[in-house]
Amino acid sequence: MSDNGNDRVMRYTKGNNTGVLVAGGNSRGNDTNQLNYPMGIYFESLSNSLIIANTYAHNIVRWRIGENNWTLIAGNLNASRGNSPSSFSDPLDLTVDPMGNLYVADRSNRRVQSFSAGQTEGRTIAGITGVQGSNSNLLNGPCGIIFDSQLNLYVVDTVGNRVQKFLRY
């Protein structure tokens, strides 16, 4: 569970209301042993790690279970926001497809970025960077993303008050 107000990720087991710290917990910050308002998380079983949307650090990080720090997957190491193909402005959610490609809901840039497995430069697959609107090709605050079984992408567009479906491409 993302405990963004406490800048950490916790694990809870069924029937137990006491959690276990999994990532962060060293106060808010941008050092590799800290998180800065973590939101979306994805458990990657092959590497036994969490991929975390480190929202206010404007990056996506990997935190291996049992380790005390993260490594950068995408975005800026110095926690600066941006709108280039390799940077973010308030990434809120992420998911990974069966091929290992990363998808990020980049809220303030009003887009969804796709990163091929192992790549640090993304491409916009939904929305237009920095352009808000309610047309079918625009987003206005994407905050959640998920695939269905046919790999169609669903985007929760908070400010736009809708869920948008993008067909597999």
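**View 1. Four strands line up as an open sheet in the order 8-9-10-11, with antiparallel pairing.** Strands here are DSSP runs of E with at least two residues, numbered from the N terminus, and two of them pair if DSSP finds at least two bridges between them. This is a predicted model, where local features need pLDDT of at least 70 and side-chain atom pairs count only at pLDDT 80 or more, while totals for chains, interfaces and linings use all residues. Residues are numbered from 1 along each chain as its sequence is written, and side-chain values use heavy atoms, with hydrogens and water left out. Look for strand 8 and strand 11 (123–127) at the edges, since each pairs on one side only. From one strand to the next, the twist averages 25 degrees (axes are lines fitted to C-alpha atoms, and angles run from 0 to 180 degrees between N-to-C directions).

**View 2. Here strand 8 meets strand 9.** The two pair in the antiparallel sense over five bridges. Pick out Pro-91, and you'll find its bridge partner, Asp-106, in strand 9.

**View 3. Thr-55 sits in the loop between strand 5 (49–54) and strand 6 (59–64).** Is Thr-55 buried or exposed? Thr-55 counts as buried because its relative accessibility is 1% (buried means under 20% relative accessible area, exposed over 50%, and partly exposed in between, with a 1.4 Å probe and protein chains only). A polar atom of the Thr-55 side chain lies 3.2 Å from the backbone oxygen of Tyr-37. Leaving aside residues up to four places away in sequence, Thr-55 touches Asn-36, Tyr-37, Met-39, Asp-90, Pro-91 and Leu-92 (contact means heavy atoms within 4.5 Å).

**View 4. Phe-88 and Phe-115 make a tilted aromatic pair.** Searching the whole structure turns up three aromatic pairs. In this one, the rings are 5.6 Å apart centre to centre, with 55 degrees between the planes. Rings of Phe, Tyr and Trp (its six-membered ring) pair if their centres lie within 6.5 Å; planes under 30 degrees apart count as stacked, over 60 as edge-to-face and the rest as tilted. Phe-88 belongs to the loop between strand 7 (71–75) and strand 8 (91–96), and Phe-115 to strand 10 (residues 111–115), so the pair links parts of the chain 27 residues apart. Both Phe-88 and Phe-115 are buried.

View 5. Tyr-103 comes from strand 9 (residues 102–106) and Phe-147 from strand 12 (residues 142–147), 44 residues apart. Tyr-103 is buried, with a relative accessible area of 5%, and Phe-147 is buried too, at 17%.

Methods:
A polar contact is a pair of N or O atoms within 3.5 Å; within protein, one must be able to donate a hydrogen and the other to accept it, and residues adjacent in sequence count only if both atoms are side-chain atoms.
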